[in-house]
Amino acid sequence: MQHNNQHDLTMVLNQPIGPVLSISPWNAPGILTTRSILAPLTAGCSVIVKSSELSPLISYYIVKSFINGGLPKNVLHLIHSTKSDSEKIVSSLISNKDIRKINFTGSTETGSKISSIAGSNLKPILLELGGKNCIVIEDDYQDLEKALRQSLWSSWCHKGQICMCTDIIYISDKIYDKSIEIVKNLGKEFMANDKDLMIYQRTLEHHGKISELVKDAELKGAKMIEFNNNKRGKHFSPIVLENVKRDMDIYNTEIFGPVVSIARYKDINEIVGDINGLEYGLKCSIWTSNFAKGLQFAKNVESGSVHINNQTIVDEPHLPHGGVKNSGSGRFNSVWGIEEFSYKKLITVNS
């Protein structure tokens, strides 16, 4: 009998993947919890929200608003837990046969643990994790103060506790000394005008880790730029470290606090290699007056996003957002975020 490969009708449907477990962090719970609910709901999935132990009320009010707004029964659920019980609860949920995908935004360390559990259960996972976000300032850029002002802002914004905050500023050797003088003045200005930049120890979980990274860098030759009122103790004020090198722990470790490293470079191709050698790949930017050079840099660097003549904190809801390497996989926002929660189903019809 001859097999006929022709069909009378062929359809490819976007099918909802099924119930989704959504987990978001404490640092921006309003935006990130809402995002973790809307994308799977739009794709046709039900959602279980696991709140952060540090911001449970915000998740509660967001979920309550959806339900009060008329969301059908059993489409959205919320789970709270203590920190000690969180790992056990998340593991149990991922292992449940009815959970079809995990949607996680948070640290690389926690994302790795969740990915391991998801992998052992053959569950797909959407991840936005940490970053070691870099800014490169070329000597051809005309407004050096603007580039440095925005770079410092993206380092210290929200006390440095945004996954997109800048960790390293690479400055061309030709303008390095001039840049350091500008940074000194800008730092004093920022500290004088924004007292909220200072972070209290109890609001920074990994205060000790950051202190150790700064200490290691100083012992290996990095120099702290003083802004007259630097404090280290119960209060942790924004820090700029210059002359940061690859052998320092801070060079390769995500900070997630108000600390930025400055490194000098001579050749942009060498810097691309250094950036690509980092474990992370979430955000990167370059300041240059040469558009062709900026575009070539953007193509060569391993990063989920590259911004030419802009800082690293850029996340617009109509544009794809996500990372590569240890910064995650998959994309959030707009059609890209919705597509993460559906799969292609082929249907053929023969009369």
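Here are legends for a few close-up views of this predicted model.

A quick word first: residues are numbered from 1 along each chain as its sequence is written, and side-chain values use heavy atoms, leaving out hydrogens and water. In this predicted model local features need pLDDT of at least 70 and side-chain atom pairs count only at pLDDT 80 or more, while totals for chains, interfaces and linings use all residues.

**View 1. Strand E14, wrapped up.** Strands here are DSSP runs of E with at least two residues, helices are runs of H or I with at least four, and both are numbered from the N terminus. In E14 (residues 283-287), 5 of the 5 residues are buried, so the rest of the structure largely encloses this strand. Buried means under 20% relative accessible area, with a 1.4 Å probe and protein chains only. Lys-283, Ser-285 and Trp-287 sit on one side of E14, with Cys-284 and Ile-286 on the other.

**View 2. The neighbours of E14.** Strands count as paired if DSSP finds at least two bridges between them. E7 (residues 133-137) runs parallel to E14, joined by 4 bridges, and Cys-134 has Cys-284 as its bridge partner. E15 (residues 305-308) is also parallel to E14, again with 4 bridges; here Ile-286 partners Ile-308.

**View 3. An open sheet of 6 strands.** The order is E4-E3-E2-E5-E6-E16, with mixed pairing. E4 (76-79) and E16 (328-329) are the edge strands, each pairing on one side only. E6 (residues 125-128) meets E16 in the antiparallel sense over 2 bridges, where Leu-127 partners Ser-329.

Conventions: Buried < 20%, exposed > 50% of the residue type's maximum accessible area, 1.4 Å probe, protein only.
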